[in-house]
Amino acid sequence: MASFYIKTYGCMMNVYDSDKMANLLVARGYTQVLNPHDADILIFYTCNVREKAVHKLLSDIGRLKTVNAKIIAVGGCIAQAESKRLFERSPSINISFGPQTYHKLPEYIESILKGERKRIIDDTFYKMDKFNICPKKKNVSFSEHIAIQEGCDNFCTYCIVPYTRGREYSRPVKDILNEAKWLLDNGAQEIVLWGQNVNSYNGEAPYITIGQPKATWRIERLLQEVSKLPGLRRLRYSTSHPKDFNEELMRVHNEISVLVPFTHIPVQSGSDKILKQMNRGYTSAEYLAKLDRFRKICPSIQFSSDFIVGFPGETDEDFKDTLRLVEKAKYTISFSFKYSPRSGTPAAKMRDQVPEKVKEQRLEILQDTLLRDQITFNKALIGKTQEILFYKKGKHSKQYIGKNVYMQSVVVENGDDLIGKFRNVLIKSAEENCVIGQVV
Ligand code: SAH
Ligand code: SF4
Ligand code: F3S
């Protein structure tokens, strides 16, 4: 049977999809290889959130394609947005498949290998099928993601996701619980519930009450049920929209011991004018009031955020509003990006596009400010003992890198293999992007 190689770009949804796709292909007899030079089939599973994504993809295809490669398949968010234009841009591509179609990939590969077709394109929104058709994962890791919700109805004016992932869809509770049980029974200790907007999760309840219409559960109830499953030591969820963040969700952080006291609530900007033009659905004061309320309900909570600088029409004063918000919000970790115009989105057509140079300057200032908060937070951990889950080896031998409940990187030196293990670690010193400690 043929062998395949997958290169995955973008968010955790893509990592999850790629994993499911690999399981399906292995179950059909294909072999997964880690070196593209050994592969008969090259699969590129793409992200389209920022510009130059297509350019990067085409250059990767050129770089990784070898004489052995019989099939080149491009899936995910670029395939959905570009559809058959991809074939015009690169004649070597055989399959273009959107993020809702990967369960059909084995069928498409077989058809091309048999010589029935030369090119196949599928950008249908099949919704449910892909989750249920793929077989259960065999090589379960100690830390696993489960997609609980997909798509987005928010249409922020800068964002391509609603066009590539489609309308919001929540998987039924029963399917999620079954998947979580399987993963925990097979060695997972940490579970991350993942979706484009997890706090608007509204999935079909696992039972029906006679005479009543079918009920749905929100994220709070789902977290409660997942947290009761045996074997679970750490539970996380991501990513949330500030406008859908309610007090019930804040409260479950106090009620569920395995749920980390940390949440990602991307604000994007601190200027009310820009937030309105972004169509975010909240003001900076409303956002900050939610963080305050959250801290009152759950004093140990910490936050992270995403930012976009240089959105069309953003003035120096608007940008200063973002810096002012950062000062008040006090994030542990943040991710900031220069605004990138996405064709087909309303913001790409707005007047007053900000020059690249200005975007760069603002990004640098913002990142310096965010880093300052991060260092302050890291330093405050010195002398504390924290429970760390170790994910990978560091650069030096005996060095291991783990995460605390706030998703900060913790580095230790240790004789025994720590990967996949929880250990108490005394924090000894702090750097910009990590803290250094010792297993106690
Ligand atoms: N649903 C999530 C975000 C998904 S996209 C939310 O609303 O928070 C992840 C991040 O990419 C966004 O939070 C945003 O900061 C960034 N992003 C999305 N579109 C972008 C664009 N056109 N230019 C720059 N950054 C963008
Ligand atoms: Fe994009 Fe906004 Fe939806 Fe997030 S909420 S995926 S930023 S449209
Ligand atoms: Fe990128 Fe698609 Fe995720 S555009 S961020 S891979 S939903």
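How do the axes of helices H12 and H13 run relative to each other, roughly parallel or roughly perpendicular? Good morning, colleagues. Before I answer, please note that the structure shown above is a predicted model.

Let me begin with the two helices. H12 spans residues 284-297 and H13 spans residues 316-329. Their axes come within 11 Å of each other and cross at roughly 10°. Angles under 35 degrees count as roughly parallel, and H12 and H13 are therefore roughly parallel to each other. On the H12 side, the contact involves Ser284, Tyr287, Leu288, Leu291 and Arg295, which meet Leu325, Lys328 and Ala329 of H13. Sorted by class, this contact comprises five nonpolar, one polar and two charged residues.

I turn now to the domains. The chain is divided into domain 1, covering 3-122, domain 2, covering 136-260, and domain 3, covering 385-439. Between domain 1 and domain 2, the C-alpha centres are 27 Å apart. Each of these two domains contributes 17 residues to their contact. Together they bury about 1400 Å², with 57% of that area on carbon and sulfur atoms. Which three residues supply more than any others of the area that domain 1 buries against domain 2? They are Met12, Met13 and Tyr16, which supply 44% of it.

Finally, I come to ligand 3. The residues around ligand 3 are Cys11, Asn14, Cys47, Asn48, Val49, Cys77, Arg165 and Gln196. By class, this shell consists of four nonpolar residues, three polar residues and one charged residue. Thank you for your attention.

Technical notes:
Residues are numbered from 1 along each chain as its sequence is written. Chains are lettered from A and ligands numbered from 1 in the order in which they are written. This is a predicted model: local features need pLDDT of at least 70, side-chain atom pairs count only at pLDDT 80 or more; totals for chains, interfaces and linings use all residues. Side-chain values use heavy atoms; hydrogens and water are left out. Axes are lines fitted to C-alpha atoms, for helices over the stretch in contact, and angles run from 0 to 180 degrees between N-to-C directions. Helices (H or I, at least four residues) and strands (E, at least two) are DSSP runs, numbered from the N terminus. Angles under 35 degrees count as roughly parallel, over 145 as roughly antiparallel, 65 to 115 as roughly perpendicular and the rest as oblique. Contact means heavy atoms within 4.5 Å. Ala, Val, Leu, Ile, Met, Phe, Trp, Tyr, Cys and Pro count as nonpolar, Asp, Glu, Lys and Arg as charged, and the others, Gly among them, as polar. A residue is near a molecule or strand if one of its heavy atoms lies within 4 Å of it. Domain bounds come from an automatic or database domain assignment. Buried area is the accessible area (1.4 Å probe) that two parts lose on being put together, summed over both.
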